[in-house]
Amino acid sequence: MNTDNENGRYVYCIIKAQEEQESFGNIGFQGKEVYTVKYKEFSPVVSDMPFKKYDIDNEEDIKIHTSVVNEVMKKYSVIPVAYGMVFKNKKLVDVSMRFGYKAMKKAMKIVDNKVELGVKIILPQDFDGNLQKVEQCKSEFSKSLKQIAFDSKNLNLFSKRLIMNGSFLVEKDKIQVFSDEVERLRTKYDSFKVRYSGPWSPYNFVDIHIMSQQRGGFR
Amino acid sequence: MLLIDDLILRSIGITIPGLDLIYTLEIIRDFAFKELYNPEKVKNGLKENQMLYEFGEISRAEFEETRSKLMEQLKFAERFEEMNLSVRSDIFA
């Protein structure tokens, strides 16, 4: 792999923009410019970066990817793109946009004007073993928050102490109502530890695979 | 030559207790390796470590130390998976 190839384009996310090209400033990797390249009504948000493997243990790069997406989210609804999506050149970005166009149209309908919010609940370190209360807490959190959210996903319970790992797709104008409900439930079940996070770009509600069976698309 | 002998004997319906025992031990070893070098399990460990840090149950130093260990383990686990060392037991399973 030629890591010196400077024709590469790193894609952070995809938006629906009117303008032919828009710059978000020099906020990308190594202070590179983050800008859009237009394909029909969509615009991938990119930086000129070498075509190379972006390591998942590079915490600094992951933070930059996330902060760029957060910056774009202030103005646009975004179709999220996984960290590490780099194309050899602009032409391949266009090719992937052409092949993924239908999927992107569908995805944009789902995510437009919405954000992802996360709720994790863990057992306290000194858990008293009251399983009935655990079930009641899980059930009430899940039921109440699903009523406000547009969609929701139960994510992997990757730890024995984790009793709920929910991801919620929420319309922007309902974020406050959702947050208030989380706070009410957190107070009600104060013996459990609750972590409320977001707003995130809706990674768990969009899964586009372009010209590849593997996540990561055509590169 | 154990592999070839074992396979030929099995294909003609002959089992030898000694070889069977070795074969069984190999399967147990492969399962143990799969369990130890299971990338999904290591990834769950990474997520749990992140979660405990976010909940304030471990310090930044503890978080980074565990993360560094698990990242090494993950790289090894992914290499192990690519090598597919347990292909023989998969065929017989």
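In what order do the elements of chain B run from the N terminus on? They run α-α-α-α-α. This is a predicted model, in which local features need pLDDT of at least 70 and side-chain atom pairs count only at pLDDT 80 or more, while totals for chains, interfaces and linings use all residues. Residues are numbered from 1 along each chain as its sequence is written, and chains are lettered from A and ligands numbered from 1 in the order in which they are written.

**View 1. Chain B has five helices and zero strands.** Helices (H or I, at least four residues) and strands (E, at least two) are DSSP runs, numbered from the N terminus. Of the 93 residues in chain B, 6% are buried (20 or more other C-beta atoms within 10 Å of a residue's own, with C-beta atoms placed from the backbone).

**View 2. Chain A meets chain B through eight residues of chain A and seven of chain B.** Here, contact means C-beta atoms, placed from the backbone, within 7 Å. On the chain A side, strand E7 (114-122) and strand E10 (193-200) each supply at least two residues.

**View 3. Helix H3 (residues 131-148) and helix H4 (residues 175-188) of chain A have axes that come within 10 Å and cross at roughly 170 degrees.** Axes are lines fitted to C-alpha atoms, for helices over the stretch in contact, and angles run from 0 to 180 degrees between N-to-C directions. H3(A) and H4(A) are therefore roughly antiparallel (angles over 145 degrees). Glu140(A), Phe141(A), Ser144(A), Leu145(A) and Ile148(A) in H3(A) meet Val177(A), Phe178(A), Glu181(A) and Leu185(A) in H4(A).

Notes:
A residue is buried if 20 or more other C-beta atoms lie within 10 Å of its own, exposed if 12 or fewer, and partly exposed in between; C-beta atoms are placed from the backbone. Two residues are in contact if their C-beta atoms, placed from the backbone, lie within 7 Å. Angles under 35 degrees count as roughly parallel, over 145 as roughly antiparallel, 65 to 115 as roughly perpendicular and the rest as oblique.
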